[in-house]
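Student: I have a structure open and would like to go through it step by step. Can we start with what the record says and then look at the fold?

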Amino acid sequence: MSTLQYQLLFLAAVHGACSKLFSTYATGAFQAKSAVMAHYVPFLICFVGMAAYGDYLWLADETLSDGFDKTWGFHAGAEAIVVSMLAVQLYDIPVSLSVDDLRVPTFIAHHFAVLYLAVVVLKYRCFYYYAVYFLGVIETSSPFLALVDAFRDFPALAEAYPQTNEAIRYAFIVAFFLVRVVFWVPCSAAFWRDATALLDPATPSHGVPDAVVYSVLLLNLGLTLLQFHWASLIGKAAKKMLLGDTSDRAGEAKRK
């Protein structure tokens, strides 16, 4: 079997085992929402690994230096991240569509966009440099988000571990703004510069159709606007946290 197939099998096995565990041995909300809890576990495992590896490559791998071809340069580590992302989205999309509590339109649209971008990178073997950031580094905030959601969706956890809940919220806010706003913008600008260059007839495109170039640029723009939208919501929540305003917490457990 291929690496992709092994990863999909692993995700399905972990999800199935966790779903069985929570539905059989857990009580209360954990049992009632075993499918949601089962989704958090493989999600956390994958994104912790992808974020850690992506951060390592981005910050410490000397091959991704100024001399690396950001459009056509091949990088085995980057490909591993892309394959892992493809596996995660192929697992996550059907699960999210089948579980009511996970069927959030913006998140599902985001998943399909990322799935498409992963396919483009692997099919045309291009933009491995940017894949390290956009499919690896930015996931630094995702494990914190999964934990924030877990505490929000299962109020018993927040009540049992209030300090941990608060610490994770702050960690998520910092991680999100760093990787999905502050460093996202210059990386996106560089990506646009390199991608639009492929539209020049004098520049070798190595078989990448103009339509594909336009599509990835459009998706980057859409994802950028989505990050800014989420950032505005998170910023408002952060302001309330800093002011000690907990008025929204009572209704926060949307999946109670």
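**Record and fold**

Tutor: UniProt, in an unreviewed entry, lists "transmembrane region" for residues 40-60, 72-90, 102-121, 168-192 and 212-231. The model here is a predicted one.

Student: What does the chain look like over residues 72-90?

Tutor: That span is 79% helix and 0% strand, and its end C-alpha atoms are 25 Å apart.

Student: And how much helix is there over residues 102-121?

Tutor: Residues 102-121 are 85% helix with 0% strand.

Student: OK, whole protein now. How many helices and strands?

Tutor: There are 11 helices and 0 strands. The radius of gyration is 19 Å, close to the 18 Å that the globule rule gives for 256 residues, so the protein is as compact as a globular protein of that length.

Student: What does the C-alpha trace span along its principal axes?

Tutor: About 65 × 50 × 35 Å.

Student: Changing topic: how much of the protein is buried?

Tutor: Buried residues are 46% of the 256. The protein exposes about 12,800 Å², and carbon and sulfur atoms supply 68% of that area.

Student: What about charges? How far apart are the mean positions of the positive and negative ones?

Tutor: They are 8 Å apart, taking 17 positive and 20 negative charges.

Student: Let me pick one residue. Where is His111?

Tutor: His111 is in helix H5, which covers residues 105-124.

Student: Is His111 buried or exposed?

Tutor: Buried: the relative accessible area of His111 is 11%, and the cut-off for buried is under 20%.

Student: Which residues is His111 in contact with, apart from neighbours within four places in sequence?

Tutor: His111 is in contact with Gln89, Asp92, Ile93 and Ser96.

Definitions and conventions
Residues numbered from 1 in each chain as written. Predicted model: local features only at pLDDT ≥ 70, side-chain atom pairs only at ≥ 80, totals over all residues. Heavy atoms only, no water. Helix = DSSP H or I, 4+ residues; strand = E, 2+ residues; numbered from the N terminus. Rg over C-alpha atoms; globule rule 2.2 N^0.38 Å. Buried < 20%, exposed > 50% of the residue type's maximum accessible area, 1.4 Å probe, protein only. Areas by Shrake-Rupley, 256 points an atom, 1.4 Å probe, with all protein chains shown as cover. Lys, Arg positive; Asp, Glu negative; His and termini not counted. Charge placed at Lys NZ, Arg CZ, Asp CG, Glu CD. Contact = heavy atoms within 4.5 Å. UniProt positions renumbered as here; feature names shortened; annotations may be inferred.
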